[in-house]
Structures are given as structure tokens and as C-alpha cells.
Amino acid sequence: IFASHSGDGKMNTYPMRAVRTRHWKYIRNLDPKREHHTHVDRAADGDGKGYWNSWVRLAATDTAAAGVVERYHHRPAEELYDLRTDPHEQGNLASRSEHAAQLAELRHKVDAWMTEYGDSGADLAGPPAPRNRK
């Protein structure tokens, strides 16, 4: 399964591309220097913002919660998760040498998918419509 997120220009402003297989998930964050924001942390009070605010309040005194809030806002360029051993995607394996082959394989899949659809990642409004296939 391939996924594309480019944002809606208001609340969801963080572009990414991803692929998920039965056992792995690879995410490419296209602008990792930018802070990640979505409706989760930018929602109105009636839209569930209270839940996010509870994490922010807890983060002031709890280092584990502070880590969650930090990881939410600051994403690395690449993420790799073994869904068999880490179904909640808590441990990014992208920088671990023992997973280099898996990372390269999924990186290649995303590259090929983006090429097929003419998605350079530069158009943060979203990838173009699929081309006609023969």
C-alpha cells in the first residue's frame, strides 16, 4: 500500500510519502526541517484538541510524554518500522545497519512509485493524477 500526504494548506501541512507491506512500513518525510502539524494539534477545542493539550501538559513534567510530543513535531527524513515486533511504530529502525537492506528495498519502491506518477515531491499540493497505464 502506498500513501501520499501533502497537506491541505491549513492544519495538515507536512508532506510525506510512504509504503506499507505486510510486515514493514517506510515513511519519507519530504520536509523534515519543518515542524509536523495536523488536525491533532491544531484542532478546535470541540474537535478533540483537549486530548492533545493533555499530552502537552503532561510533557511539562513527564519525560516520556515530552518524548512523544517531540517525536510528533520533529520527524526524521526517513522512518522504518517492523510491524511484527513494533505494531505501534515506536522504534524507528531507519538508521540501524542491520535493516539497511529492508530500508533500501522500500526506499526503491517509493522512488519507483513517485516516478510512475510524476511526483517529484516538490509540489506540496499533492501528486498529479495517475497516468494512463497500458
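Modeller: A polar contact here is a pair of N or O atoms within 3.5 Å, in which one must be able to donate a hydrogen and the other to accept it. The model under discussion is a predicted one.

Biologist: With which side chain does that of Glu78 make a polar contact at 2.8 Å?

Modeller: The partner is the side chain of Arg107. The side chain of Glu78 also makes a polar contact with that of Tyr26, at 2.5 Å.

Biologist: How many residues apart in sequence are Glu78 and Tyr26?

Modeller: They are 52 residues apart in sequence, while their C-alpha atoms are 7.3 Å apart in space.

Biologist: Leaving aside neighbours within four places in sequence, what else is Glu78 in contact with?

Modeller: Besides Tyr26 and Arg107, the contacts of Glu78 are Ile27, Asn92, Ala94 and Leu103.

Biologist: Where does Glu78 lie?

Modeller: Glu78 belongs to strand β4, which covers residues 78-82.

Biologist: Turning to the sheet, what is the strand order?

Modeller: The order is β1-β2-β3-β4, an open sheet of four strands with antiparallel pairing. Because β1 (2-5) and β4 each have a single partner strand, they stand at the edges, and one side of each is left without a neighbour in the sheet. From one strand to the next, the twist averages 10 degrees.

Biologist: How many bridges join β3 to β4?

Modeller: Five bridges join β4 to strand β3 (residues 24-29), and the two run antiparallel. Trp24 stands opposite Asp82 in β4.

Biologist: Which helix packs on the sheet?

Modeller: Helix α4 (residues 100-116) does, touching β1, β2 (16-20), β3 and β4. The direction of α4 makes about 60 degrees with that of β3.

Conventions:
Residues numbered from 1 in each chain as written. Predicted model: local features only at pLDDT ≥ 70, side-chain atom pairs only at ≥ 80, totals over all residues. Heavy atoms only, no water. Contact = heavy atoms within 4.5 Å. Pairing = 2+ DSSP bridges. Axes fitted to C-alpha atoms, helices over the stretch in contact; angles between N-to-C directions.
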